[in-house]
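I open the notebook on a new model. My plan is to look up a few local features and write down what I find.

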Amino acid sequence: MQRPWRSAVKVTTTATAVALLLTVSACGDDTPEAASGTAGEVTGAINVWMGDPIGTTQQPTIVQLAKDYEAAHAGTKVNLRFLGADAHQTYLTSIAGGTVPCVALIGNTWSPEFAGLQALEPIAQDPTSMKGKYTQSMIDSTVLDGVSYAVPYDTGVRALIYRKDLLDKEGLGAPKTWDELLTAATTVQKANPGVNGYGIIGGNAWYYLPMVWQWGGDIATQEGGAWKAQVASPEATAAFTFYAELLTKHNLSPKGSVTWQGADAAKAFALGQVAMMVGGSWDLKTILAQNPEMEKQLGTAPLPSGPGGNNDTFAGGSNLAIFKGCENKATAKSFVDFMLETDNLVSVTTKIGLLPATTDALERERTTGSFSTPLLKAYAEQAPHTRSIPPVATWGKVEGTGAIVNAMQAIMNGQKTPEAAMQELAGQIDAAIGKQ
């Protein structure tokens, strides 16, 4: 299953992936977990697995946090294992084989899936008890059948990245609606030969599927205990049509952008070929890494609003989960609490370049931390305006088939009318999640 920002995460080489899949412990080799001596007593060993987005840059911080935890909790041991690019399959294999860790950092889109496999320990029977402590959309990502099975950890959101110098020259500010974006992109493109007004990302659904919400529609809703796709609605169809026509009618992006990923648009942006794009903080980093001199020309802003009156986008990110097979749940819960302490959480998320999912840590980052800077503050401002995918265990089937991308590309390539493409997509989503 694809993580919401997968296209922009650095993929390790095969050799590195193999190395990362080997056990790495803060205290030596990975050893079996030891159950606590007394029920509820924080002692003994726990196995902790960390997957994407924890890469080689963040691993030393995690190792140090594990050592700090052990020092603060006599008689405990944290056995760390860092997973490679195939973390999702590694978790599925461990669940099937009954060799799960105690604590795991998992993609938020994986949380309902693993809960549906009866693999995760319930965290809150009433998820509303978590309200106010975490970004709401991230709480929603932990829920299956009304029960929370994980704790939100980090959040990845997208905002608008634009060439402030080019918009300023035309007397334009950051567009606040999609209609304003269309006007601004058209104006800038006409005034600057060789510059495309907007970077289409046709190959990654996370850059345009949220427009369904922005147009006032929904991806799927629950009806009589079953989930029913809503992407064939007039609102959803209009959203996909608008995005496709930025390319097919208004010619605001290169023809090849039908298959672009976020990294492709970021590269074109860094080369001065694109004036605006929707991108995550990771896309912004890619642009600045390729063209540091461009920083003074850039601006960022929350996403434009659609006719539905909102600018909601997906909250990508990760959750911390405790597996049911853990024999030392007291220490596991204690370690999760430790990792979520504001100082500890920010020390990791700042290095990742993602937002923390707790409200306290997010407020620190927004006001005085790494997301308080002019170019990054828009991401913190966007974070409350996020939603999660439909909380069903089989959503991964939708992502796995590429059905959403196929629908958009069929519209862009003129292979299907928007109505036909969205009707087909609705049927594919129903086939994946309809029987719950």
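Which strands and helices do the buried residues of helix 11 pack against? I note first that the model is predicted. I find strand 6 (151-156), strand 7 (158-163), strand 10 (276-280) and strand 11 (298-301) among the packing partners. Helix 10 (262-270) and helix 15 (377-382) are also on that list. I then looked up which residues of helix 11 (residues 281-290) are buried. They are Ser281, Trp282, Asp283, Leu284, Ile287 and Leu288.

**Disulfide**

How many disulfides are there? I count one. Cys102 and Cys326 form it, with their sulfur atoms 1.9 Å apart. That distance falls within the 2.5 Å cut-off, so the pair qualifies. I checked the handedness next. The torsion about the S-S bond is about 75°, so this disulfide is right-handed.

Where do the two cysteines sit? I place Cys102 in the loop between helix 3 (87-97) and strand 3 (103-107). Cys326 lies in the loop between strand 13 and helix 12. The pair therefore ties together parts that are 224 residues apart in sequence.

Are these cysteines buried or exposed? Cys102 has 0% relative accessibility, so I log it as buried. Cys326 has a relative accessible area of 4%, so it is buried too.

**Second largest pocket**

I turned to the second largest pocket. I record about 290 Å³ of space in it. Its lining has 16 residues. Ile123, Val151, Lys333, Val336 and Asp337 lie nearest the centre of this pocket. Strand 13 (316-322) and helix 12 (329-339) are the elements that give two or more residues to the lining. Which of the elements gives the most? I find that helix 12 does, with four residues. By residue class, I get ten nonpolar, one polar and five charged in this lining.

**Thr177**

Is Thr177 buried, partly exposed or exposed? Its relative accessible area is 29%.

What does Thr177 touch beyond its neighbours within four places in sequence? I get contacts with Pro304 and Ser305. I also took one C-alpha distance. Thr177 and Asn311 are 134 residues apart along the chain, and their C-alpha atoms are separated by 8.4 Å.

Conventions
Residues numbered from 1 in each chain as written. Predicted model: local features only at pLDDT ≥ 70, side-chain atom pairs only at ≥ 80, totals over all residues. Heavy atoms only, no water. Buried < 20%, exposed > 50% of the residue type's maximum accessible area, 1.4 Å probe, protein only. Contact = heavy atoms within 4.5 Å. 1 Å grid on protein atoms, 1.4 Å probe; cavity = no way out; pocket = protein on both sides within 12 Å on 5 of 7 lines; lining within 4 Å. Points joined across faces, edges and corners; volume = space filled by probe spheres on them. Nonpolar A, V, L, I, M, F, W, Y, C, P; charged D, E, K, R; others polar.
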